[in-house]
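Here is a protein model to go through by question and answer.

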Amino acid sequence: MNLMSRLVCASMCLFAGTALAAGNTANAATWKLIFNGKDLSGWSAHYASKVSADTPAASSIFEVKNGEIHAYPTHVAGTPQPFAYVVTDADFKDYVISLEYKWGNKKFPPRLHEVRDAGLLYHVYRVRPSDWPASAEAQIQEGDTGDSWAISTQASSFVDPKTGRYALPENGGVPITGGENEGYHRTRHGRVNERPGWNTLEVIVHGDRATHVVNGVVNMRVSELKSWDAGTSSWVKLDHGKIVLQAEGAEVFYRNIKVRALTETDDMLPAPALSEVWFPVPPKVTPGAAPGAAPSDAIVLFDGRSLDAWKSANTGAAAGWKIDNGELVVGPGTGDIQTQQSFGDVQLHLEWRAPKLPADKVSQDRANSGVFLQDVYEVQILDNFENPTYVNGMVGSIYKQFPPLVNATWPAENWNTYDIIYAAPRFAADGSLISPARLTVLLNGVLVQNNSALKGGTTYIGTPSYRAHAEMPLRLQDHGHLVRYRNIWVRKL
């Protein structure tokens, strides 16, 4: 059997077997507690860091209370603390282990500024002084629970080369093997499924194969686990060992630690949990108090009081436009203005009003202005309520590129609103285009541009084209008309 065939078989086969701790068997449906909830009987504590001779025993890192193992219970947050672990006295083979964990609030150097980290080690086969024992690990870490770490161990799995994460062959995974004696090898999980509060981690262990299950969802499978045999200087099959719980510089609680024999249904993916994603939690943004008001994470560019966020696009000097009654008024002949700050992908909100003009002001000579994303991609502003012009230059158009889907403008002297979602173009190191700029535009709440892929920068004459650039300012156009603006804000995306 070739490597691919062996790995596919190892990753897909259902686990079967009945052996638990050495010399014991159990009914397949029966769980056996390996932590009694009262003390650490059946376990011993050890340091995984170098400590001085007068350091308290490693057991001082752990406290048993309320049926839980509490790591770093009395230790002061922010003070340096060693890593430690508890390990079972018993050796285990062919079993399922289940535990619940939750994070406390405290973190300690040397991981004070890192995500909270711990782990469940299985197939522990050798102590390594002042370090984690040689084993296979199902990582417990914020955002990474289920990762595989081969600690002085060798492990095989499948990884999608595009993402670097676990994936079955039918989903693009290719076979990988990693690990070295006295070294560490990580394989990233294929699915985040952590939740606030208590989480459940299960590891299904069958011989030299294991499946990691986080809150009921499989996110890692490893196979062909091997330990290093110093006598023969070679890797040998690893199919049993002790169990370890880590304390790695973050307050963590463990409870309901139990094992059972394997069943024929182990390693089946429960359907309801497949569609649930709990991590990472999106940041909270407070919406504006009224429609169109800036949300809490917005950068306010004009609130009716100041032009501090703007400057002359021509000279870089102070903007030459005026503020009148809390409204920003184009200064005809003073030139365009641009933001002091540069932007990439953004959500932009602005409101504008066309002045009432004589009937002989027609086509492009009627309340003409524009908003330029990254200084070169224009969304047209024009009074087109009853004013025909070329459609790829009318209000709501991406100027000289895409007409609007509909004309949703109000008559002159009424306020109009643009809400714009802009994705900046991406360029390669040599300046060539990787992906074009894209614009979605709503005019007065009506979709007028739907994820339009731009052909290049705005041009009045000729064909649009791209020139590589980084983040650039937003720009408002002086086209000689007294267009007014208010309530301008932007969110970086």
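The questions below concern a predicted model.

Q: Which residue of β9 is the bridge partner of serine 135?
A: Strand β8 covers residues 134–141 and runs antiparallel to β9, residues 148–151, with four bridges joining them. The two strands form a hairpin with six residues between them. The partner of serine 135 in β9 is isoleucine 151.

Q: Which residue in β13 stands opposite alanine 150?
A: β9 also pairs with strand β13, residues 184–187. This pairing is antiparallel and has four bridges. Opposite alanine 150 stands histidine 185.

Q: Is the pair of tyrosine 72 and phenylalanine 108 stacked, tilted or edge-to-face?
A: The structure holds 13 aromatic pairs. For tyrosine 72 and phenylalanine 108, the ring centres are 4.8 Å apart. Planes under 30 degrees apart would count as stacked and over 60 as edge-to-face. The planes here are at 40°, so the pair is tilted.

Q: How many residues apart in sequence are the parts tied together by tryptophan 149 and tyrosine 184?
A: The ring centres of tryptophan 149 and tyrosine 184 are 6.2 Å apart with planes at 80°, so the pair is edge-to-face. Tryptophan 149 lies in strand β9 and tyrosine 184 in strand β13, so the separation in sequence of the parts they tie together is 35 residues.

Q: Is tyrosine 184 buried, partly exposed or exposed?
A: Buried requires under 20% relative accessible area, and exposed requires over 50%. The relative accessibility of tyrosine 184 is 38%, so tyrosine 184 counts as partly exposed.

Q: Over the face of which residue does arginine 486 lie?
A: The distance from arginine 486 to the ring centre is 4.1 Å. The ring belongs to tryptophan 415.

Note on methods
Residues are numbered from 1 along each chain as its sequence is written. This is a predicted model: local features need pLDDT of at least 70, side-chain atom pairs count only at pLDDT 80 or more; totals for chains, interfaces and linings use all residues. Side-chain values use heavy atoms; hydrogens and water are left out. Two strands pair if DSSP finds at least two bridges between them. Rings of Phe, Tyr and Trp (its six-membered ring) pair if their centres lie within 6.5 Å; planes under 30 degrees apart count as stacked, over 60 as edge-to-face and the rest as tilted. Buried means under 20% relative accessible area, exposed over 50%, partly exposed in between (1.4 Å probe, protein chains only). A charge sits over a ring if NZ of Lys or CZ of Arg is within 6 Å of the ring centre and within 35 degrees of the ring normal.
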